Amino acid sequence: MTEKMRSLNYFFLYECLFTLTFWNSICLSVGNGVSTPVYHYLPEDGSDNKIRSLSPLYKNSPKSRASFDWVVIQNTTESLSLSEIKNKDVKKLIDLLSNFKKGSRLQYLTLSNISVDWIYFVKILQTIWHSSIEYFNINNMTQLSNIYHYNFDYSGTSVKALTMKKILITSLYFSQDDLYKIFSDMNIAALTIAESEMIHMLCPSSDSPFKYLNFLKNDLTDLLFQGCETLIHLEKFILRRNKFKSLSKASLMTSHMQSLSYLDMSSNMLHHDGAEEQCQWADSLVELDLSSNQLTESVFECLPVHLKRLDLQNNQIASVPKGIAELKSLRELNLASNRLSDLPVCSRFPALAALNVEMNSMLAPSSDLVESCQRVGELQAGHNPFKCSCELRAFLRLERQRAGKLSGWPEAYVCQYPEDLRGTELQDFHVSELSCNSTLLLVTALLVTLVLVAVVAFLCIYLDAPWYVRMTWQWTQTKRRAWHSCPKEQEVALQFHAFISYSARDSLWVTNELIPNLEKGEGCVRLCQHERDFIPGKSIVENIIDCIEKSYKLIFVLSPNFVQSEWCHYELYFAHHKLFSDSSDSLILILLEPIPPYIIPARYHKLKALMAKRTYLEWPKERSKHALFWANLRAAVSINLPMADGNIFGECN
């Protein structure tokens with residue numbers, strides 16, 4: 001029989017083949033690699049010496065005499081599955097299993113849907129411990145009675161692996177040591193206790209032979225195995241979906257595990273703030289899964305130095321710090337579904353062969369970082385919000401140099417910005433050298449300018465353009481005087497041309513660009529800035545509402561920082577309220593930096609609606625377009641405001 005057939009037979013619960021009167025609640029299945037009914041093994045003349053027939057367990061029962069004899073296939077059966085076992089069935093089960101002494105072929109045993117007292121469970125376990133069974137699997141067991149100390153005899157066992165899933169303990173008061181010591185001191189290679197709400201496990205009392213431990217989906221915490229020095233042979237440790245919080249304590253847990261090579265702590269609540277005590281991992285650890293936790297970039301200060309495979313997907317990592325120590329042996333790094341805005345410095349990982357940075361926030365990876373990742377054998381960078389511009393050329397060159405080896409190319413690489421290119425695959429995006437080469441563009445612009453100057457000069461002379469300019473200027477001045485002649489009473493409630501809402505992280509741009517260009521430029525614009533114009537003593541919310549009501553326009557400086565600010569959310573809410581209550585058109589949206597739609601929190605649905613329905617001003621990166629930007633913004637907020645002395649704010653001397 002092949003190993004594959006054995007495995008299938010072991011993990012699959014057979015149908016109930018027949019039910020004996022004296023075993024009326026247990027479903028039985030046996031096999032030697034295929035699902036074969038028990039009666040196929042019954043000899044017609046009783047001459048087969050490989051099969052021994054036992055008398056019914058209830059010899060004096062007339063009802064049992066009419067039933068089939070119980071047959072134990074000692075030398076042909078390799079797997080056995082039993083289900084629906086209760087207290088009254090334990091003696092019969094033990095009698096059955098006692099027949100499979102060492103030397104029998106039975107190696108795989110599965111018990112399902114068990115509901116027995118503690119003493120019966122340990123007796124079943126003790127019987128199996130001294131049988132020929134090597135792999136014991138328990139599915140869906142309810143422990144009924146009180147748990148107490150039991151002197152378990154671990155000697156002379158054939159058991160190699162014990163798997164227990166969905167174990168429910170109904171006892172409310174018992175010593176945890178009595179429960180966990182039975183399992184922690186087992187002299188087997190593999191132990192699995194999964195989906196059982198287990199809150200603790202004892203450290204083995206002596207050097208343990210465990211090579212594999214799987215505690216999937218329990219309630220284990222940072223207290224597990226702290227200071228434990230007896231798991232010296234443990235190689236693979238799975239702690240997925242538990243309640244671990246401290247990454248440094250997790251590292252200390254492994255510090256004495258001399259043989260540990262693989263650790264899975266995914267789907268916990270791990271974090272590391274950098275201020276905790278130093279991390280101390282097992283030197284032998286080469287594979288570490290920390291996916292689906294709460295880790296930030298500080299996690300790179302607390303990693304094993306000999307790692308070969310590291311999974312950090314679905315965390316909160318915004319960047320890979322440049323000052324981290326080199327992980328010279330790292331071959332696979334998974335950073336998918338984080339908050340990365342750029343590629344990591346791949347030169348920090350000289351052996352890196354596979355890098356996954358899918359589903360992050362990368363608009364256009366930096367050219368120097370793209371250069372550092374050229375030697376990575378497998379690079380996955382799809383499903384990012386790419387901004388198709390000149391800055392993306394270095395990344396496109398990387399794809400061409402890799403000759404199509406960029407994973408997911410081209411379907412997973414699509415333009416998100418600008419709006420007119422959204423949905424375009426990067427392989428179809430082309431940008432001219434002229435538009436991206438500033439020197440060439442400057443020379444070309446200069447030549448074009450000279451030609452235009454010559455043409456305009458000729459037209460001015462030929463068409464008498466100065467006369468038309470003079471007439472236009474006079475018309476503009478007339479319109480300006482008409483505007484200033486409006487009654488002052490119409491605007492008595494307004495004190496500011498505009499109220500500015502922005503994130504504190506964007507304050508440098510507001511202070512150095514926005515305010516100087518509006519207040520000190522033409523038009524004498526008066527802006528309301530919270531740092532300058534909020535009234536001391538009032539609450540922040542009162543100041544926000546008051547300033548919004550006294551402002552003609554409301555300027556919102558939008559960026560990824562904006563959507564992370566709670567106060568910006570308040571200001572947007574009050575502005576949206578004013579927009580509908582006054583039926584006004586007072587909102588001005590300035591897009592300082594592109595905002596990927598998926599990073600906008602759900603509570604910003606008003607912002608999503610506004611950006612979808614309203615025109616906004618986008619801050620141009622090209623300095624040549626700044627003048628037009630400020631002119632458009634100044635025109636949008638232009639209005640005459642009354643001053644305290646009766647003058648009109650907006651009349652410049």
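**View 1. Helices α4 and α5 side by side.** In this predicted model, the axes of α4 (residues 118-129) and α5 (residues 176-184) come within 13 Å and cross at roughly 10°. That makes the pair roughly parallel (angles under 35 degrees count as such). W118, F121 and L125 of α4 meet D178, L179, I182 and F183 of α5, with contact taken as heavy atoms within 4.5 Å. Axes here are lines fitted to C-alpha atoms over the stretch in contact, with angles from 0 to 180 degrees between N-to-C directions. Helices are DSSP runs (H or I, at least four residues) and strands are E runs of at least two, numbered from the N terminus.

View 2. V320 sits in the loop between β13 (309-311) and β14 (332-334). With a relative accessible area of 11%, V320 is buried (under 20%, 1.4 Å probe, protein chains only). Leaving out residues up to four places away in sequence, V320 touches F300, L335, L340, P344 and F349. R348 is 28 residues from V320 in sequence, and their C-alpha atoms are 10.0 Å apart.

View 3. V443 belongs to helix α10 (residues 438-463) and is partly exposed at 44% relative accessible area (between 20% and 50%).

**Notes.** Numbering starts from 1 along each chain as its sequence is written, and side-chain values use heavy atoms, without hydrogens or water. Local features need pLDDT of at least 70 and side-chain atom pairs 80 or more, while totals for chains, interfaces and linings use all residues.

Terms used
Parallel < 35°, antiparallel > 145°, perpendicular 65-115°, else oblique.
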